[in-house]
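Please read the following report with the sequence and the structure open beside it.

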Amino acid sequence: MSNKINPYYINQSSTRLLLLTFLFSSLPHLTRVPPLLVALIVAFALWRLIISRYSLATPGIYLRLSLIIISVVLIFFSHSSTIGREAGLSMLLIMLALKLVEIKTKRDTLLFLYLNYFVVVTNFLYSQSILISLYLFTVVWLITTTIIAVNRQGSEIRFRAHMRVSGLLITQAIPLMLVMFVLFPRISGPLWKLPKSESDGKTGLSENMSPGDISKLIKSNKIAFRVKFTSAIPETKNRYWRGPVLSHFNGRAWTVDRQLSRRIMYHHPKSTLSTYTITLEPNYSKLLPALDTPVSWPNSGFMSSEHVIYAFQTVNNRFQYQLSSSNKPISRQTLPGKIRNRYLQLPQSYNPLSTTFISNFRRQHPNDISLVNNLLQYFRNNKFIYTLQPPKLGKHSVDEFMFKTRRGFCEHYANAFVVMMRMAKIPARVVTGYQGGVYNKLGDYFIVRQSDAHAWAEVWIDNQGWRRIDPTAAVSPDRIERGIEASLNDDSAWTGVLYSTNSRFTGVALYWDNMRNGWNQWVLGYGETLQNEMLAMLGLLSAGWLSKTITLAVIVGGLLLLIALYYRYRDSFKRVEKSQAIYNRFCRKLSSADLPREPWEGPKDYVIRISAARADLHTEADKITKLYIQIRYADQPSTEKIKELAHYVKYFKP
Amino acid sequence: MTEMRLDHLSVHKLLNHMVDQAGEIILGKKPKIKLALSCLLAGGHLLLEDLPGVGKTTLARTLAHLLGLDFKRVQFTSDLLPADVIGASIYDKKSGQFHFQHGPIFTQILLADEINRATPKAQSALLEGMEENQVSVDGETRPLPHPFFVIATQNPISHIGVFPLPESQLDRFMMCLSLDYPSFEAEREMLKGEDRRSLIQNLSCTLTPEQIIAIRNMVNRVQVSDALLDYLQNIIAQTRNDPSNNGGLSPRGSLALLKGAKSWAFLENRDYTLPEDIQAVFPSIIFHRFSSHVGQHDKAKEKAEEILRNVPVP
């Protein structure tokens with residue numbers, strides 16, 4: 001090749017190490033970057049390998065510029081933007097891969113490696129779980145090791161030795177990390193919020209329910225929230241976690257009726273309470289699930305007239321709140337006519353068969369309560385089947401479900417039941433939420449997952465108020481008593497999810513979830529509130545972020561200063577001592593050659609006297625003395641000089 | 001006034017050249033000249049003590065000339081009054097006001113010739129000037145020029161008509177040197193050569209006052225290791241522990257020893273100090289501080305050597 005490579009040139013093993021480091025630090029990202037761009041990154045990496053393997057020249061400025069332009073264009077086409085989390089990530093990774101190609105100097109190499117730390121940090125924009133944290137911690141170790149290895153390129157020292165050194169470095173940094181973690185000022189506010197992409201898949205209950213919504217949710221094993229009871233734990237069949245109440249039906253989908261769901265200003269709890277704390281996973285909505293029916297709620301939220309708790313702000317981060325609930329139904333004596341009509345709303349010319357069926361049924365059971373009970377009885381007696389893979393339904397969904405397919409799950413039953421109630425002129429509504437939850441003995445809390453999503457009905461009984469009716473329980477009592485797995489008896493295609501949901505009952509899985517819960521609460525949840533509590537525990541008054549920063553800076557700075565001073569002085573002190581011992585050896589050697597140093601004689605005078613007496617010793621003695629003087633009197637006690645001094649004295653033969 | 005940018009090597013060359021030039025005038029006394037120069041570079045006042053006629057005044061004049069400083073000389077006699085040194089307010093008939101007539105002390109180098117021939121009253125006129133770089137006359141404080149050096153010569157105490165300088169004033173001199181008789185060869189050369197005084201006029205003055213201040217700053221920056229401070233303090237302890245002394249070196253004395261050693265190291269073209277530097281300046285530092293109770297110069301010299309021999313170099 002015509003182009004000469006720079007004097008600094010990373011060798012092949014270092015190149016492989018760089019690529020390996022890059023691979024590991026960006027590995028979790030590879031699924032987040034479009035395949036085309038991944039291919040581009042891989043191509044750049046391979047190019048680097050070839051450059052190193054055959055000692056080729058790195059690309060020139062024009063080639064690099066055009067590569068940059070091409071990359072940016074490709075990024076723009078893949079993301080239809082060059083900013084935002086996803087596009088930014090692609091940009092970072094591709095530019096880093098390009099940097100890899102153009103590495104020429106040691107500075108380039110180190111810059112590349114330092115940027116890998118940044119790549120590590122960007123992983124936290126996507127996940128902050130224990131596993132990913134452990135993984136990234138290992139990657140940090142790898143990057144540090146690579147930095148050390150690159151700095152000592154060409155030495156005989158093995159990679160494992162570098163790993164030990166970097167491991168030691170990281171271990172030494174842990175106390176500092178803990179101090180920083182505890183004291184670094186947390187600011188509640190948008191500054192620390194993670195950027196959220198539009199395309200980010202949300203799971204959770206929404207404000208409308210169309211066929212299939214809940215069955216999708218049920219297939220998700222994601223945790224919705226965790227609950228810790230401070231009072232007695234209610235029975236499984238009473239653990240209904242209330243979500244959006246859907247009162248408007250358009251023939252196909254149920255939605256929240258804004259007229260009916262308004263903020264209420266006061267509430268008088270009348271019956272016994274369950275008190276509990278919920279740790280909600282971010283659901284990107286304002287819904288705060290609560291045990292049916294809530295009677296008190298956190299200050300950061302409100303209760304709607306349909307007894308659903310909403311937060312004032314969207315829950316984008318994990319959120320903890322305290323609640324209390326009553327196990328008695330909500331009682332209200334009357335339902336004003338206007339509201340009553342809204343709860344009887346049905347679209348015209350839908351489900352003619354059911355309309356006829358209900359008007360007959362109504363004639364048999366003029367009493368509302370007996371009508372409800374008998375309809376539930378009807379479900380029970382007519383071979384309705386609970387399944388997550390029901391056949392598709394047409395326009396007259398209730399008709400088809402009631403008289404043709406008779407297969408479905410909670411949303412079908414709730415839908416059919418509420419529609420028929422309204423046909424019978426009984427005010428009714430669909431309530432979505434979660435039901436049940438798994439108890440974790442280790443941490444004494446319940447885990448409620450998206451797969452626990454449920455839909456049930458509420459009907460208005462005059463003089464009694466809203467009563468919870470769960471038609472699913474009539475069909476498949478197991479669903480309510482034992483959870484969703486137990487109730488499914490016909491699904492084969494669902495085994496994958498089934499397997500994973502089953503496994504969560506094993507001890508290991510519960511232990512693991514307990515760990516995750518601790519991680520969420522104490523590490524990820526360590527925000528301003530918890531920090532203030534912690535500082536108060538340490539005897540520090542809860543301070544503003546400025547004084548926290550100052551405290552942090554003083555503690556960390558002081559700590560580092562002490563360590564630095566200790567090493568600085570310990571080492572130079574030792575070195576000076578050592579140099580004197582070596583010099584004394586030199587004097588002893590001369591003393592046995594009948595040229596002893598007088599105790600009061602300075603080293604320079606001594607060497608003049610030696611040279612005068614023995615001209616043959618002049619060169620050596622002068623060299624030794626000069627070194628000694630530099631170490632001892634010119635305050636330059638470097639290890640190299642001491643080694644040199646020791647070497648000269650060792651071979652000094654007067 | 002900006003601080004001169006001087007590099008160590010050229011300064012060293014310059015200073016060596018100065019020592020050489022002075023050596024042409026006071027023959028065979030180079031080490032003494034070097035000591036005198038290091039005293040002035042360390043910002044100290046110099047006392048020259050020897051028999052009359054060995055070249056004390058010549059040395060003082062030579063140094064003043066070489067340093068290119070404003071120079072004034074006061075011949076101290078038994079009837080000298082403080083006002084003769086400092087100056088006095090004189091009534092001006094025309095303006096009807098008192099005018100301060102500046103005395104010879106308002107100069108950069110003051111040669112106080114035969115200082116111990118004056119009465120203690122006149123001697124003490126120098127005190128404030130030497131220590132504070134200012135004089136107070138008629139309740140008014142007047143600053144002295146900068147830099148300000150006093151080079152004083154004195155006759156041996158055993159001579160007739162001398163008032164020995166009090167210890168408090170002796171301590172204000174950083175170093176005390178004696179020149180001794182010249183060697184046989186040196187004296188021969190002197191006898192053959194031109195008049196010394198006229199030679200001085202031919203010297204080129206090579207430094208400006210700003211440069212001298214810059215050099216003094218450089219001397220201050222000469223490095224002193226802990227090991228050397230150990231050595232210095234051991235020596236000082238030795239002077240204080242000796243029961244035959246009436247008290248050892250004062251803290252001002254130990255500062256003078258450190259400054260002198262740094263200055264000496266600087267003249268040796270080093271930026272760090274060695275035990276040898278301390279040993280080189282030590283005799284001249286303690287010479288006048290001890291000679292009053294030891295009595296004789298020779299004895300003071302012996303004493304210095306004895307002390308140095310008793311302290312091992314670390």
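## Rings, helices and sheets

Y583(A) has a relative accessibility of 2%, and because buried means under 20%, this residue counts as buried. The structure in which it is found is a predicted model, so the values in this report are to be read as computed ones.

Y628(A) is likewise buried, with a relative accessible area of 1%. The rings of Y583(A) and Y628(A) have their centres 3.8 Å apart and their planes at 5°, and the pair is therefore stacked. Since Y583(A) belongs to helix α20 (residues 545–591) of chain A and Y628(A) to helix α22 (residues 618–632) of chain A, the pair ties together parts that are 45 residues apart in sequence.

### Aromatic rings and charges

How many aromatic pairs does a search of the whole structure find over all chains? The search finds 33 of them. One pair, formed by Y343(A) and W466(A), is edge-to-face, with 4.7 Å from centre to centre and 75° between the planes. Y343(A) lies in the loop between α9 (337–342) and α10 (352–364) of chain A, while W466(A) lies in strand β20 (residues 465–469) of chain A, so this pair ties together parts that are 123 residues apart in sequence. Both Y343(A) and W466(A) are buried.

Aromatic residues also gather in a group: F357(A), F361(A), Y378(A), F379(A), F384(A), F401(A), F403(A), Y413(A) and F417(A) form one aromatic cluster.

In chain B, rings take part in another kind of arrangement, in which the charged end of a side chain sits over a ring, as with K34(B) over W264(B) and R142(B) over F100(B).

| Charged residue | Ring | Distance of the charged end from the ring centre |
|---|---|---|
| K34(B) | W264(B) | 4.8 Å |
| R142(B) | F100(B) | 3.9 Å |

### Chain A and its helices

Chain A contains 23 helices and 20 strands, and buried residues make up 44% of its 654 residues. Among the contacts in chain A with a separation of 6 or more, 72% are accounted for by residues 24 or more positions apart.

Helix α12 (residues 397–405) of chain A packs with helix α13 (residues 410–423) of chain A at an angle of about 110°, and their axes are 10 Å apart. With such an angle, α12(A) and α13(A) are therefore roughly perpendicular to each other. Where they meet, α12(A) contributes S397(A), V398(A), F401(A) and M402(A), and α13(A) contributes H412(A), Y413(A), N415(A), A416(A), V419(A) and M420(A). Of these residues, F401(A) and Y413(A) have already been named as members of the aromatic cluster.

At 9% relative accessibility T122(A) counts as buried, and, leaving aside its neighbours within four places in sequence, T122(A) is in contact with H29(A), L89(A) and L92(A).

### Strands and sheets

Strands of a sheet pair through backbone hydrogen bonds, either parallel or antiparallel. One open sheet of chain A has four strands in the order β6-β11-β12-β8, with antiparallel pairing. β6 (263–264) and β8 (287–288) of chain A stand at the edges, each with a single partner strand, so one side of each is left without a neighbour in the sheet. Within this sheet, strand β11 (residues 301–304) and strand β12 (residues 309–311) of chain A pair in the antiparallel sense over three bridges, and F302(A) stands opposite Y310(A) in β12(A).

Another open sheet consists of six strands in the order β10-β13-β7-β2-β18-β17 (chain A), again with antiparallel pairing. Its edge strands are β10 (294–296) and β17 (438–440) of chain A, each of which pairs on one side only. On average, and with direction ignored, neighbouring strands of this sheet are turned by 40° against each other. Four bridges join the antiparallel strands β2 (residues 223–229) and β18 (residues 445–449) of chain A, where V227(A) stands opposite F446(A) in β18(A).

Which residues of strand β16 (residues 428–435) of chain A are buried? Eight of its eight residues are, and the strand is mostly covered. β16(A) pairs in the antiparallel sense with strand β3 (residues 240–246) of chain A over five bridges, and R242(A) stands opposite G433(A) in β16(A). Seven bridges join β16(A) to strand β19 (residues 453–461) of chain A, also antiparallel, and there the bridge partner of V430(A) is A457(A) in β19(A).

Notes. Residues numbered from 1 in each chain as written. Chains lettered and ligands numbered in written order. Predicted model: local features only at pLDDT ≥ 70, side-chain atom pairs only at ≥ 80, totals over all residues. Heavy atoms only, no water. Pairing = 2+ DSSP bridges. Helix = DSSP H or I, 4+ residues; strand = E, 2+ residues; numbered from the N terminus. Phe/Tyr/Trp six-rings, centres within 6.5 Å; stacked < 30°, edge-to-face > 60°. Buried < 20%, exposed > 50% of the residue type's maximum accessible area, 1.4 Å probe, protein only. Lys NZ or Arg CZ within 6 Å of the ring centre and 35° of its normal. Axes fitted to C-alpha atoms, helices over the stretch in contact; angles between N-to-C directions. Parallel < 35°, antiparallel > 145°, perpendicular 65-115°, else oblique. Contact = heavy atoms within 4.5 Å.
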